[in-house]
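Please look through the sequence and the structure shown here. A short briefing follows, grouped by topic.

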Amino acid sequence: MQRRDRYIVQSLGASLTKRVKDARVLVVGAGGIGCELLKNLVCCGFGIGYIQKMTTGAQDGADAGSVPGTLLGRTPGIVIVDLDTIDLSNLNRQFLFRKQHIKKSKAFVAKETASQFNPSVNIDAQHGSIFDSTYNVEFFEGFDLVFNALDNLAARRHVNRMCLAANVPLIESGTTGFNGQVQAISKNITECYDCNPKPVQKSFPICTIRSTPSQPIHCIVWAKSYLFPELFGTSEDDAPDMSVTEGDNAEEVAKLKEEAQALKKIRSLMGTSDFAQAVFDKVFHDDIERLRTMSEMWQSRKPPESLKFGDVRGDEDLVKHGQALCMQDQTTWELEENLAVFCYSLDTLSSRVQAGEPVIEFDKDDKDTLDFVASAANLRSHIFGIPSHSEWEVKQMAGNIIPAIATSNALTASLSVMQAFKIMRSQAQKTEAYGRPTANNALPTTTLTTNADPALGGSKMVFLNSKSTERMITTQNLAVPSVDCPVCSPIYAKLRISPGVSHTLQELVNELQQCFGYDEFSITTDAGIVYDPDLEDNLEKSLEDLAIKVDSNGFITVRDDSDKPKVDLVLSTIAHDELQGLLHVSPSDIDLPPKPIQAKAPEEPQPSNGVEVPTREKRKREAEDDVESASKRTKANVNGEAVIIEDDGAILLDD
Ligand SMILES: [Zn+2]
């Protein structure tokens with residue numbers, strides 16, 4: 001036995017070590033957390049199992065042979081999926097990547113580098129989007145555990161749903177600056193990622209942005225979401241971070257609309273030498289002078305000071321000067337310098353429009369758009385007596401960027417693996433007791449935590465607060481699923497369709513009535529409601545026409561509209577060749593229980609990046625939990641090796 005293996009066995013015990021070796025796990029994302037996670041999994045021996053092929057008839061055993069085989073048709077290993085390529089800015093924390101890897105696939109390079117840490121590991125790297133139909137429910141069913149290492153809400157929610165449909169436990173993780181969070185999710189056992197509503201993006205009142213800014217961010221939002229789209233993109237009505245709120249003055253809102261119309265006229269000067277001056281004098285002089293006439297607005301505020309293009313400019317060639325200045329993105333530009341960058345960026349953006357780019361959208365990584373937003377925001381800040389910022393600082397604020405911290409990612413990834421050990425230990429115990437879990441969780445695990453058999457091996461919600469002066473890592477018990485969560489409360493099943501055969505909606509309706517005895521019910525696809533008792537127009541249409549396709553990776557929700565409704569049924573479409581053109585729901589004998597009536601009080605919202613910072617009350621509760629859990633710490637004897645299993649996730653070797 002290699003030294004590394006010996007240490008793993010000493011830490012985890014022989015049974016869990018075998019389970020870890022034979023595991024097949026999916027890592028979604030090879031970025032900040034993904035790189036750390038992959039390294040940890042590889043070093044802990046995940047997916048290095050060598051199992052005798054079942055077909056050879058040989059005895060199953062870890063040391064029985066060196067032929068890589070399959071366990072119940074599954075090859076042990078780590079599958080990593082990411083659609084991104086490596087960027088220079090990743091290299092400060094995504095340590096599996098080096099300079100020579102820039103522009104290469106993150107997944108492929110991560111595999112290449114991580115494999116060197118443990119050459120026995122089986123890593124399958126896939127460069128693709130997790131939304132792709134290749135990654136359907138059957139793909140997810142092939143794993144013992146899924147790790148989310150994602151940076152966006154949409155992909156997190158998608159993987160959450162796929163794992164619920166496939167009944168595979170998911171370990172969700174995220175970091176925001178110095179904070180991090182790890183949460184285990186399992187169908188019917190814990191709450192899912194969507195049990196708690198996520199808040200919408202922070203929005204500023206339109207009058208603050210357009211008339212009375214008081215902070216740099218107000219001027220940045222003005223430049224990014226008002227001025228820029230007015231000149232180069234779509235209308236301000238589409239801006240998500242500005243809205244008319246109750247506090248806004250209706251008359252003022254109407255005036256602001258007029259002002260925007262006037263700006264549209266100036267657009268017609270684009271490409272001429274007068275364009276920059278026309279825009280400047282309109283927004284930094286005329287509009288400001290109009291604001292100054294609204295004396296009631298300035299009773300308790302300092303009124304803005306307008307600027308005239310001719311007064312600000314010096315003798316130099318503004319465009320040329322601006323081009324040189326915008327390379328210095330860490331310097332805070334002076335007033336004249338902002339004007340130069342403003343003129344240069346208007347010049348480059350106008351050229352792009354005239355070269356055939358119909359709409360330009362602000363993108364923090366599109367330097368031309370950032371030059372414009374940074375200079376325009378600083379000019380406006382000057383007018384309102386607000387401090388200016390360097391372009392680099394504006395980029396952070398405009399892109400809502402919270403810096404990614406390498407150590408937060410590393411700690412969060414290691415906490416994820418700790419939770420994985422707990423879940424795998426409980427999976428091993430369950431499999432021994434009941435056999436492999438089946439769809440929709442036929443195992444008796446619908447209630448959370450009894451002392452004798454804690455759900456998911458006692459896994460907890462773990463919070464990392466690296467700046468906390470009290471405790472850096474805190475935990476909270478996992479919550480039970482929300483009874484009315486639209487994502488995890490339904491029963492999941494599959495709709496098997498033969499590819500190339502055209503089925504009508506009527507066939508699906510018949511199949512559902514036959515399997516589940518529905519009386520009145522509705523069918524909703526990603527495209528909307530396609531069938532209900534009053535909507536029968538689509539019955540003769542083909543499923544393909546109703547966006548129900550084998551390669552769509554979408555879900556179909558069947559809702560019982562009778563007086564005593566059953567729980568919702570959610571179907572995922574799977575191709576099947578052996579049904580001779582038939583359409584078939586599987587399993588077809590699911591007993592759909594009645595829908596619970598009880599509604600749950602709304603939960604505290606979580607930040608949209610998936611990270612929740614524990615509140616003071618929560619921490620207090622956790623501290624109490626810790627006292628209790630300390631008393632529950634058990635000294636277990638796993639296969640003759642003494643280990644102390646701590647309730648807070650640490651597994652320590654007892655010498
Ligand atoms: Zn849920």
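Two strands are taken to pair if DSSP finds at least two bridges between them, and helices (H or I, at least four residues) and strands (E, at least two) are DSSP runs, numbered from the N terminus. On that basis β11 and β15 run parallel and are joined by seven bridges. This is a predicted model, in which local features need pLDDT of at least 70 and side-chain atom pairs count only at pLDDT 80 or more, while totals for chains, interfaces and linings use all residues. Residues are numbered from 1 along each chain as its sequence is written, and side-chain values use heavy atoms, with hydrogens and water left out.

**Overall**

- The protein has 18 helices and 19 strands, and buried residues make up 51% of its 655 residues, where buried means under 20% relative accessible area, exposed over 50% and partly exposed in between (1.4 Å probe, protein chains only).
- Of the contacts (heavy atoms within 4.5 Å) between residues at least 6 apart in sequence, 70% join residues at least 24 apart.

**The six-stranded sheet**

- An open sheet of mixed pairing is formed by six strands in the order β13-β12-β14-β15-β11-β16.
- The edges are taken by β13 (528-531) and β16 (584-586), each of which has a single partner strand, so one side of each is left without a neighbour in the sheet.
- From one strand to the next the twist averages 35 degrees; axes are lines fitted to C-alpha atoms, for helices over the stretch in contact, and angles run from 0 to 180 degrees between N-to-C directions.
- Strands β12 (residues 521-525) and β14 (residues 555-560) run antiparallel and are joined by four bridges, with Thr 524 having Thr 557 as its bridge partner in β14.
- Helix α17 (residues 505-516) packs on the sheet and touches β11, β12, β13, β14, β15 and β16, its direction making about 130 degrees with that of β12.
- Helix α6 (residues 153-166) lies across β11 (491-497), β14 and β15 (569-575), and runs at about 65 degrees to β14.

**Strand β11**

- Seven of the seven residues of β11 are buried, so this strand is largely enclosed by the rest of the structure.
- Both of its faces are covered, with Ile 491, Ala 493, Leu 495 and Ile 497 buried on one side and Tyr 492, Lys 494 and Arg 496 buried on the other.
- Tyr 492 stands opposite Val 570 in β15, whereas Lys 494 has Ser 586 as its bridge partner in β16, a strand that pairs with β11 in the antiparallel sense over three bridges.

**The zinc site**

- The protein donors of the zinc ion, lying 2.2 to 2.3 Å from it, are Cys 192 (SG), Cys 195 (SG), Cys 485 (SG) and Cys 488 (SG); donors are N, O and S atoms within 2.8 Å of the metal (3.2 Å for Na, K and Ca), and sites may look incomplete because water is not among the atoms.
- The donor residues follow the spacing C-x2-C-x289-C-x2-C in sequence.
- Distant parts of the chain are linked here, since Cys 192 lies in the loop between β6 (179-185) and β7 (204-205) and Cys 485 in the loop between β10 (473-477) and β11, 293 residues apart.
- Cys 192 and Cys 485 are both buried.

**Arg 380**

- Arg 380 lies in helix α14 (residues 367-383) and is buried, with a relative accessible area of 2%.
- Leaving aside residues up to four places away in sequence, Arg 380 touches Ile 209, Arg 210, Ser 211, Pro 213, Cys 219, Trp 222, Phe 284 and Ile 288.
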